[in-house]
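Colleague: I have some time to go through this model with you. Could we start with the helices and then move on to the loops?

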Amino acid sequence: MKVSHSSSSTAFCSSIAKKARSSPLLLALALFLLFFSFLYGEDLRELLARRVQDASNLIVNTRSIEHEQPAAPPPEVAEGKTKKWQGRLPFAVNDEDEDEECDVFSGSWVRDEEGGHPLYREADCPYIPPQLTCGAWGRPDTAHQRWRWQPHDCTLPAFDAARMLEALRGRRMLFVGDSLSRGQFTSMVCLLQSAVPDAAARSFTMSPDQQHTVFAAGDYNATVEFYWAPFLLQSNSDDAIAHRISDRMVRRGSIDYHGRHWRGADVVVFSTYLWWCTGLRFRILNGSFEEAEKKTVWVSTEEAYGMAFREMLQWVRDNMDFNATRVFFTSMSPTHGKSQDWGGEPGGNCYNETEMIEDAGYWGSDSRRSVMRVIRDILDGDGADVPLTFLNITQLSLYRKDAHTSIYKKQWSPPTAAQLADPKTYADCVHWCLPGLQDTWNELLYTKLFYP
């Protein structure tokens with residue numbers, strides 16, 4: 001408790017004054033001390049305060065030594081911040097002393113008048129699954145293929161398939177995620193196969209369970225691969241064929257369940273989003289799927305997503321050499337299931353949409369900003385030590401309500417008479433036609449690989 005200096009001085013002087021009546025010498029001494037306190041009181045108090053603080057610190061430090069407590073962490077760690085990784089990224093060809101890079105994800109779509117897009121023809125790429133071959137399933141227009149992405153402050157380098165394969169010589173590029181990730185993988189294969197014109201010099205294989213697909217360019221000893229893991233963690237939706245489960249669940253701490261198959265990859269492109277969007281909450285399994293009595297807990301979707309993202313980053317720390325390998329993350333792919341979002345008639349969706357959205361600030365109700373914030377907070381916080389390249393394709397894809405497969409795809413089951421009478425009821429407003437939008441995703445991947 002702090003004692004008032006003025007009250008203590010008064011009590012002290014009063015006590016001395018009582019004894020001064022019987023001694024002139026004591027009275028003189030009292031007057032001298034009173035005069036001294038007025039002149040040097042502030043300095044005296046500061047000196048005494050320092051002595052008290054030194055003694056307090058000595059006691060605290062002695063106790064710390066006695067209990068063998070560690071030294072205090074650096075200020076940046078104490079404040080919850082992680083030091084950002086510093087170094088030159090592999091595959092980069094730009095000079096280290098170049099000015100701050102252009103934001104290639106901020107820009108607009110422009111009509112490609114020079115005929116550079118599409119970058120390949122649907123008929124020329126035999127690896128596109130029938131769920132993405134819109135032309136083969138009757139889409140009458142090709143306008144959605146003839147746009148290119150133009151950043152505001154720079155121009156994307158032209159995609160050079162031979163250069164990409166040369167960079168991947170003796171290496172593995174791996175896409176990990178769900179069917180949207182498979183679409184990006186397929187786009188990359190279509191872009192690269194033109195540099196391997198001899199069909200005998202390339203191969204395309206899929207495991208019997210469809211979990212793992214591999215495109216191999218023999219002359220380059222390079223592979224581009226896809227691995228099905230919609231949540232990245234182990235889940236009850238891991239069957240690449242039969243995975244339509246409404247009551248979805250992921251197992252905490254299970255990144256290595258799938259991650260053991262990713263080891264040795266030189267470029268990894270992760271993606272996970274759509275499968276998390278089943279509501280405001282998500283179920284987490286603590287334990288094993290084999291246990292009869294499963295221990296589960298419900299958390300917010302954002303908390304569950306953040307858990308998976310952090311486990312992914314930890315896998316990267318444990319398994320990738322930052323001086324020799326690269327890791328990317330493709331942001332959430334938007335859907336266009338509500339035409340009211342862009343001012344259309346109520347009840348509509350992407351069906352019969354042939355023009356893009358022109359509002360530069362458009363953000364659809366199907367895209368959750370809260371998930372984007374989770375990613376940003378982690379990458380700016382405890383994930384800053386991982387040199388992850390974030391492919392922010394969300395905003396540029398939000399404009400493209402014209403690029404979905406809609407009804408022009410192989411259906412998993414034949415449409416009913418009622419659906420045929422109202423096509424928008426079975427339109428796919430999640431996936432994207434190839435060639436199309438996802439080729440731009442890979443143009444951006446190509447750009448950030450060589451010019452990070």
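Colleague: How many residues does α11 have, and how far does it reach from its first C-alpha to its last?

Modeller: This is a predicted model, in which local features need pLDDT of at least 70, side-chain atom pairs count only at pLDDT 80 or more, and totals for chains, interfaces and linings use all residues. Residues are numbered from 1 along each chain as its sequence is written, and side-chain values use heavy atoms, with hydrogens and water left out. As for α11, this helix has 14 residues and reaches 21 Å from its first C-alpha to its last, close to the 20 Å expected at 1.5 Å a residue, where the expected span is 1.5 Å times one less than the number of residues. Helices (H or I, at least four residues) and strands (E, at least two) are DSSP runs, numbered from the N terminus.

Colleague: Is α11 mostly covered or mostly open?

Modeller: Mostly covered, since 14 of its 14 residues are buried, with buried meaning under 20% relative accessible area, exposed over 50% and partly exposed in between (1.4 Å probe, protein chains only).

Colleague: At what angle do α5 and α11 pack?

Modeller: Helix α5 (residues 179–193) and helix α11 (residues 437–450) pack at about 75°, and their axes are 9 Å apart; axes here are lines fitted to C-alpha atoms, for helices over the stretch in contact, and angles run from 0 to 180 degrees between N-to-C directions. The two helices are therefore roughly perpendicular, a label that covers 65 to 115 degrees, while under 35 counts as roughly parallel, over 145 as roughly antiparallel and the rest as oblique. The contact (heavy atoms within 4.5 Å) involves L180, G183, Q184, S187, M188 and L191 on α5, together with Q438, D439, W441, N442 and L445 on α11.

Colleague: And α8, which of its residues are buried?

Modeller: The buried ones in α8 are S370, V371, M372, V374, I375, I378 and L379, and the buried residues of this helix pack against α7, β11, β12 (388–391) and α9.

Colleague: Switching to loops, where is K401, and why would you call it buried?

Modeller: K401 is in the loop between α9 (394–398) and β13 (404–406), and K401 counts as buried because its relative accessible area is 7%. A polar atom of the K401 side chain lies 2.7 Å from the backbone oxygen of E355. Not counting residues up to four places away in sequence, K401 touches H336, W342, C350, E353, E355, M356 and I357.

Colleague: What about M320, buried or exposed?

Modeller: M320 is buried, with a relative accessible area of 9%, and its place is in the loop between α7 (301–319) and β11 (326–330). Leaving aside neighbours within four places in sequence, M320 is in contact with residues including A265, D266 and V268.

Colleague: What is phi at Q210 and at L232?

Modeller: Q210 has a positive phi near 65° without being a glycine, and at 31% relative accessibility Q210 counts as partly exposed. L232, also not a glycine, has a positive phi of about 70°, but at 0% relative accessibility L232 counts as buried.

Definitions and conventions
A polar contact is a pair of N or O atoms within 3.5 Å; within protein, one must be able to donate a hydrogen and the other to accept it, and residues adjacent in sequence count only if both atoms are side-chain atoms.
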